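Hi,

Here is the structure I promised to pass on.

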Amino acid sequence: MNDDFEEFDDDELLELVGRYEKMSDKNENSFFDTDELEDIIDYYFRKDDMKRAEQAIEFAISQHPLSPSILLRKAQWLVSGNNSKQALKALKEVERIDPENIDIYMMRGTVYSTMALHDEAIAEYKKALKFTEEPEDIYIAIAMELENQMLYADAIEYLKKVLETDPENELAIYEIAFCFEFLFDYEAAIEFFNEFLNTQPYSKLGWFNLGLVYNAVELYEKAIDAYDYTLAIDETFSSAYFNKANTLANMGCYREAIESYRQTFRFEEAEATTYYYIGECFQKIENYQNAIEQYNKAIEIDPKLADAWFALGSVYEETDRIDIAITAVEKAIHIEPENMIYLHALANLLAKYGRIPEASAAYEKVNASDHLNPDFSLDYAEFIFSTQSPESAIEYLTTTANNVPFASQLFYRLAAYNLITAKIKEGLRWLLDALELDYDGHKDFLEFAPELINIPEVVYHIESSKQTPKSRKKKRH
């Protein structure tokens, strides 16, 4: 007998399985009725003992060759072994014997779904609708197949049918929200959930998903209201606290966000990501010690949470502990070696700490992978400017700017570099192009090189560009 019998409470089932195994092991032949054999087969399915399940199915068929329930279990066993074609043959045999058995069509739909034959699966599920008075699960199955074909609007219609008869169906509510999100139809989602809540005002999931939609369209105060309604219905709903905290953080209400994140710990086991977000909030309000503590708590729970290591590095950088920052970011890179954001940050830290050869190698690796990122290009150009020569930085940035035609910040930096190195004519040409693309960018330009305000032509072009309509055209140099 199986050593794991004790995990089942049904003593009669254990006795039944024991009687069957004793017979099987001794190659005897005793009679079992179909109900008993169904229980035995299902027991092996639950134990994931597919070898024993197969043996029990074959024995059951030998005793009850025309039993639809046994043949259905054979099809189920074939599906579990990825033997879809044989499963379909078995289901065809069941249909010949018992054509009104709803399980035939549901299982056949599942088989077609695993074969990515979504239209065929839907056709089978629709056949199943003829034999049930409770179609909700079938509607959901059809909706899932439509989602697999990215027919989200059609899926929504079936999910609405579910809610007409079962308004508390959690899966249907979540899937409707999912479909609206993929359609980017937030207006329709807001309209739907508001109408739904007019008839189901105590649906916590209705309010919760309305909050998610409001947050997505940056209607943060309405999102907070929706989450508060959710929590008024169920104060233990930790996901509502968590997402309310996200919205508060988006609003810049970091202290309130921290409190809402912490509420989740009352109702669920602490998660690394929650500590990570709390750390972010503390970092935003420049409470660096608490930020470090929260990031470390996140890492303690999940040492492979690369974002927490990276964030820890950013705090240490902000507090001028560059050596520790480098170590933390290196740990993040060890976890996600292809993350160029992390490598870019490491290059900057290494340059700041004076480890020039290592910084150069890191910059070059990022440049090979992500050379069209304007933020990286500016940092790399500044590194080249300071460690090699202004001419090399201008040459690199000119090539990059011509490949990223609407990156005004690159144009402004080229203007600055040329003007700083007394290439006035070239610098003014880049400045004009930059002003056409983004007039307000001149503020950062002058913050980067405030001495340029002393060049009369620079002041003239900035002032005269105030009234000039912006152009999308770009001169190439």
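A search of the whole structure turns up 33 aromatic pairs, where rings of Phe, Tyr and Trp (its six-membered ring) pair if their centres lie within 6.5 Å, with planes under 30 degrees apart called stacked, over 60 edge-to-face and the rest tilted. One of them joins Phe-178 and Phe-182, a tilted pair at 4.6 Å centre to centre and 50° between the planes. Helices here (H or I, at least four residues) and strands (E, at least two) are DSSP runs, numbered from the N terminus. Phe-178 is partly exposed at 32% relative accessible area, and Phe-182 is also partly exposed, at 43%. For those labels, buried means under 20% relative accessible area, exposed over 50% and partly exposed in between (1.4 Å probe, protein chains only).

Tyr-363 and Phe-376 make another tilted pair, with 6.1 Å between centres and 45° between planes. Tyr-363 is in helix H21 (residues 356-370) and Phe-376 in helix H22 (residues 374-387), so this pair ties together parts 13 residues apart in sequence. Both Tyr-363 and Phe-376 are buried. There is also an aromatic cluster made of Tyr-20, Phe-32, Tyr-43, Tyr-44 and Phe-59.

Before you go further, a word on the source: this is a predicted model, so local features need pLDDT of at least 70 and side-chain atom pairs count only at pLDDT 80 or more, while totals for chains, interfaces and linings use all residues. Residues are numbered from 1 along each chain as its sequence is written, and side-chain values use heavy atoms, with hydrogens and water left out.

Now the overall picture. The protein chain has 27 helices and 0 strands. Its C-alpha trace spans about 105 × 50 × 45 Å along the principal axes. The radius of gyration is 32 Å, whereas a compact globule of 477 residues would come out near 23 Å (taken over C-alpha atoms; the globule rule is 2.2 Å times the number of residues to the power 0.38). Of the 477 residues, 47% are buried. Take the contacts (heavy atoms within 4.5 Å) between residues at least 6 apart in sequence: 49% of them join residues at least 24 apart.

On charges, there are 45 positive and 90 negative ones, and their mean positions are 7 Å apart. Lys and Arg count as positive and Asp and Glu as negative, with His and the chain ends not counted; the charge is placed at NZ of Lys, CZ of Arg, CG of Asp or CD of Glu.

What does Leu-346 touch, leaving aside its neighbours within four places in sequence? The list is Ile-326, Val-329, Glu-330 and Ile-333. Leu-346 lies in helix H20 (residues 340-352) and is buried, at 8% relative accessible area.

Most residues other than glycine have a negative phi. Glu-218, though not a glycine, has a positive phi of about 65°; this residue is in the loop between helix H12 (204-216) and helix H13 (220-233) and is exposed at 57% relative accessibility. Asp-320 has a positive phi too, about 60°, and lies in the loop between helix H18 (306-318) and helix H19 (322-335). Asp-320 is exposed, at 66%.

Cheers
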